Amino acid sequence: PSVPRHTNRLINEKSPYLLQHAHNPVDWYPWGQEAFDKAKTENKLIFLSVGYSTCHWCHVMEEESFKSKEIGEIMNEHFVCIKVDREERPDVDKVYMTFVQATSGGGGWPMSVWLTPDLKPFAGGTYFPPEDGVHRVGFRTVLLQIAEQWKENKDALLESSQRILEALRHTSEIRVQGQESPPPAKEVMDTCFQQLSRSYDEDYGGFSKSPKFPTPVNLNFLFTYWALHQTTPEGARALQMALHTLKMMAHGGIHDHIGQGFHRYSTDQHWHVPHFEKMLYDQGQLAAMYSRAFQISGDEFFADVVRDILLYVSRDLSDQAGGFYSAEDADSYPTTTSREKREGAFCVWAAKELRALLSDPVEGATEGTTLGDVFMHHYGVEEAGNVDPVKDPYQELKGKNVLIVRCPPELTAAQFGLKPGRLSALLQECQQRLSSARAQRPRPHLDTKMLAAWNGLMISGFAQAGAALAEQGYVSRAAQAAAFLRTHLFDPDSGRLLRSCYQGKHNLVEQSAVPIQGFLEDYVFVIQALFDLYEASLEQGWLEWALHLQHMQDKLFWDPKGFAYFSTEASDPSLLLRLKDDQDGAEPTPNSIAVTNLLRAACYSGHMDWVEKAGKILAAFSERLQKIPITLPEMVRATAVFHHTLKQIIICGDPQGEDTKEMLHCVHSVFSPNKVLMVADGDNTGFLYRQLPFLASLERKDGKATAYICSNFTCSLPVTSVQELRGMLSL
């Protein structure tokens, strides 16, 4: 590579996204006081650009505008330019995205916002092409027009920005109204189910036509709805909707059939042509959803998908120190000599390429059949490519194939005169061969930033999979990642979580000069992960840390006046709004998870004020839960858990004893959305016994491992039979 002609301040940052822009001719600043002071001193507007390192349109805008010397000169002359990695600073992203959505009716990344020197937004959008087109004004024109406005109408702009900020404060406020109480579970659950049912795609699963997103929050809700309505037609439909969606996703092109894991979303109704980036938060949540599908159905198909996801994460998104990386990009160079990246280049195939790699004849099949014939038939490969040109406007996938399972295994086997068992082995051989061929291609960019929140989601995925599939290796991997968080993303002096750390030189983990403090989402996803990890491993140290973090979360984020948690602390003067997210998206909104965390924390500690707090969150969101619960399916699920009261399943026994292990296996094999599990091992000095003194009164019956099912610390009669325990769990 040639020596870069430009280098700006971003060269000193750790974020992979900011480093991608360190050689732009734009005089970029990171978000911080230096940039704010410059804007005020020079009386300049701020241009804020927010994105992330695996964002396709962020790359496009950089290539077209931020690498342009001429546009860079306009930006540097008229604006103080700030770059923000939205994954590093979700707080900054959320404030200005709230503005962009309110003023333009849409949002997305890259986000482009113009601010006054005191950080108030007055104009914004997303991607801008560099020059004017038939339907869109170009970035250069927008820059010059805004600079002119500031010169000619400064007072009007300042006044307008103040009005906008006041309006945003008013519309974004979520607080309890009067004496509101948590909404009734039945009505909220039923309305959410009906709304999801109406938007459900009967043919292909999922909840829209296109684009189509995995939405684990919807699936989690449906599993809980089924568990509470198992004997009704609505319950059966809820389960069918969830399982069919998961099956169609696993068969689709959104699932990487060669390299494992799931891409971000599908651009079409059929889960076929994806947006190819892979995000850690999707892998973590989908591993948990497929684990639940296996618990409920017993179908090995779902267990295999869990193993597939966790293989991908272990191999491609794991740091040697134990943490998990954030994402893999959608774009890459098609060959080692290519000068231009293309979306999906790493993952797609030409039919000719497949024929050459899979040319061996298949013994025992119809005469003349090759491995390629079998593979291409099964995965819908076409000679001219199988991507609809409508879904490929820039012709990046022309002549290429995105693999999608087009036939049930029995039909593919019958087509070539094969036994179904033989087909599985042949397809596996093809996949291994293609995986080796793909390894020769240039890999997409890997974002090696490690975020506490997303690591929490992935720890939950590994822990839940380990419990449901009885795979101790997955539990150990979850524990390794939790230990990584404790070492690298927790400050023992302050007792607080940090947001991010990075893979640095010589593959060592590095922290930025001024570490970013954890946000609400970091606390709720890590606390959830630690509870999941305790239930899978029975290591009480994880419980102790979870309860400590819950106390810290209450201190930093709780709103004592309006109830529920703010997304950010009160201490950052550069944040104009202190918001509460009100919609479950690619990840659940933190307050949704906080409700269940608080209920679990109360069960493990006896602190009943946490139950009261959970109720106050539901009260604060009551109006939204009753009117449009489909926007908060995870909080609707939490409403049901709140009203049904968590069951404490307590097993008295030696954790290493076979009888105790049998009972634990029984508990882990049944999907029960309103349970917490603990083992009373007889050690009265242990953490759990100190938290819950009543455990000392529970005894083993006839010297055997004994289960008690308790509600609000009142326990059932003891049970020593696994069959009896299974029956009680499924009630």
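I will start with the basis of the numbers, then take the strand, then the cysteines.

This is a predicted model, in which local features need pLDDT of at least 70 and side-chain atom pairs count only at pLDDT 80 or more, while totals for chains, interfaces and linings use all residues. Residues are numbered from 1 along each chain as its sequence is written, and side-chain values use heavy atoms, with hydrogens and water left out.

First, strand β2, residues 45–51. Helices and strands here are DSSP runs, numbered from the N terminus; a helix is H or I with at least four residues, a strand is E with at least two. Seven of the seven residues of β2 are buried. Buried means under 20% relative accessible area, exposed means over 50%, and partly exposed is in between, using a 1.4 Å probe and protein chains only.

In a regular strand the side chains alternate between the two faces of the sheet. In β2, L45, F47, S49 and G51 point one way, and I46, L48 and V50 point the other way. Residues on both sides are buried.

What does β2 pair with? Two strands pair if DSSP finds at least two bridges between them. Strand β3, residues 79–85, runs parallel to β2 and is joined to it by seven bridges. There, L45 stands opposite F79. Strand β4, residues 111–115, runs antiparallel to β2, with five bridges. The bridge partner of F47 in β4 is W114.

Now the cysteines. A disulfide is a pair of cysteine sulfur atoms within 2.5 Å, and by this rule the count is two.

One joins C55 to C58, with S to S at 2.3 Å. This link is right-handed, with 80° about the S-S bond. Both C55 and C58 are buried.

The other joins C710 to C715, at 2.1 Å from S to S. The link of C710 and C715 is also right-handed, with 100° about the S-S bond. How covered are its two ends? C710 is buried, at a relative accessible area of 1%, whereas C715 is partly exposed, at 28%.

In sequence order, the bonded cysteines pair 1-2, 3-4.
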